Each structure stands twice: as structure tokens, then as C-alpha cells.
Amino acid sequence: MARILIVGGGCRGRELARELAASGHAVRITTRSESGRAAIEESPAECFIGTPDRAGTLRDALDGITIACWLLAGASGGEDEVARLHSSRLEAFVRQLIDTTARGLVYERGARAGTWSEPLADGERVVRDLAEQNVIPLAVLADDIRDRSVWLRGAGTAIRRLLGE
């Protein structure tokens with residue numbers, strides 16, 4: 001059994017949590033506010049209140065995890081806000097990950113049209129550089145986030161690969 005952390009507990013994250021829990025893994029999902037708790041706990045996953053906008057609020061979410069997943073390709077907000085999630089906020093999160101029990105990182109780059117493609121490509125560069133520098137096993141999800149079944153299959157495969165299954 002592994003403990004998987006999902007940063008980005010929207011519909012896709014909760015779907016992935018159900019699949020992982022069915023395989024015997026423990027899942028922790030972050031949400032920005034208490035209002036997301038019920039949906040997360042139904043998935044079934046442990047809920048952790050913290051926001052990727054302030055990476056320090058996620059520090060305790062990393063306790064005891066095996067794999068961390070940054071699933072924010074579908075994040076909403078202004079262009080600058082989304083860009084920060086895939087640059088400075090992502091970098092701060094990965095730097096916190098270095099001194100934990102984590103054995104791998106999943107970054108959701110996901111195909112997405114419009115203004116988000118550049119921040120997601122930047123995010124991929126950030127995680128690839130940090131993963132290489134710090135010898136962190138990395139999986140990048142490039143599937144279109146709008147194709148739920150393909151995305152879910154790819155995310156599950158990435159996590160199983162990082163776990164050596």
C-alpha cells in the first residue's frame with residue numbers, strides 16, 4: 001500500500017482517488033477550503049486543507065506520502081495566477097518534496113487549448129529540471145484532461161509505474 005497525495009482535488013482527482021483506493025492505496029487530496037471536504041471524503045480520500053497558491057500550507061500534506069501528484073492543468077483563474085501555479089508555486093512545492101518520504105512525482109501537463117499551454121509547458125520544464133537535479137522519479141501526464149477515461153488510464157499507469165508495479 002502506498003499513500004498518494006493529490007494536489008488538485010476536483011472531479012478528476014476524486015475519480016483517480018476512487019481508483020487508487022480500490023487498488024488498496026491510501027489517498028490524501030488537498031482542497032483550498034472546508035467546502036470541498038465532503039466530496040473528497042466520499043471519494044474515499046483523506047481531506048487536507050491547503051492551497052497551492054501558498055506552498056507552505058501544503059507542507060504537512062507531504063507527511064508519509066509515497067507519490068505526489070500536481071494535477072492542476074485544469075486550474076481556473078487569471079492568466080497570471082495560473083502561470084504562478086505552474087512556475088513559482090510548483091517549484092516551491094517540489095523543493096518541499098525533496099526531503100520527504102516521496103518516491104515520485106506526477107505532473108499534469110495535459111493538453112489544453114488557449115492561453116494555458118505556455119504555463120503548462122513552463123511547468124513541465126520546472127519539474128523536469130528539479131527532478132533531474134534531485135533524482136526524483138517523474139511522470140508527466142500529457143493526455144487531454146477533457147478526455148476523462150484516457151486521462152484516468154494514463155494517470156493510473158503513471159502512478160503504478162512510479163510505484164514499480
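A salt bridge is a side-chain nitrogen of Lys or Arg within 4 Å of a carboxyl oxygen of Asp or Glu. I keep that in mind while reading this predicted model.

Entry 1: I looked up D122 and R125. Their side chains meet in a salt bridge, 2.1 Å from N to O. Both residues lie in helix α5, 3 residues apart, or about one turn of the helix. I found D122 partly exposed, at 27% relative accessible area. R125 is partly exposed too, at 48%.

Entry 2: I counted 14 salt bridges in the structure. One of them joins R12 and E108, at 2.2 Å from N to O. R12 sits in helix α1 and E108 in strand β5, so this pair ties together parts 96 residues apart in sequence. Is E108 buried or exposed? E108 is buried, with a relative accessible area of 0%. R12 also counts as buried, at 14%.

**Entry 3: two packed helices.** Next I checked how α4 and α5 pack. Their axes are 10 Å apart, at an angle of about 20 degrees. Angles under 35 degrees count as roughly parallel, and α4 and α5 are therefore roughly parallel to each other. Their crossing is right-handed. From α4, I listed L90, E91, V94 and R95; they meet G123, V126, V127 and L130 in α5. The contact residues divide into 5 nonpolar, 1 polar and 2 charged.

**Entry 4: V94.** I then followed V94 of helix α4. V94 counts as buried, at 0% relative accessibility. Among the residues V94 touches are L105 and I136. V94 and L105 are 11 residues apart in sequence, and their C-alpha atoms are 8.4 Å apart in space.

Notes
Residues are numbered from 1 along each chain as its sequence is written. This is a predicted model: local features need pLDDT of at least 70, side-chain atom pairs count only at pLDDT 80 or more; totals for chains, interfaces and linings use all residues. Side-chain values use heavy atoms; hydrogens and water are left out. Axes are lines fitted to C-alpha atoms, for helices over the stretch in contact, and angles run from 0 to 180 degrees between N-to-C directions. Helices (H or I, at least four residues) and strands (E, at least two) are DSSP runs, numbered from the N terminus. Angles under 35 degrees count as roughly parallel, over 145 as roughly antiparallel, 65 to 115 as roughly perpendicular and the rest as oblique. A crossing is left-handed if the near helix is turned anticlockwise from the far one by less than a right angle, and right-handed if clockwise. Contact means heavy atoms within 4.5 Å. Ala, Val, Leu, Ile, Met, Phe, Trp, Tyr, Cys and Pro count as nonpolar, Asp, Glu, Lys and Arg as charged, and the others, Gly among them, as polar. Buried means under 20% relative accessible area, exposed over 50%, partly exposed in between (1.4 Å probe, protein chains only). Lists of a residue's contacts leave out its neighbours within four places in sequence.
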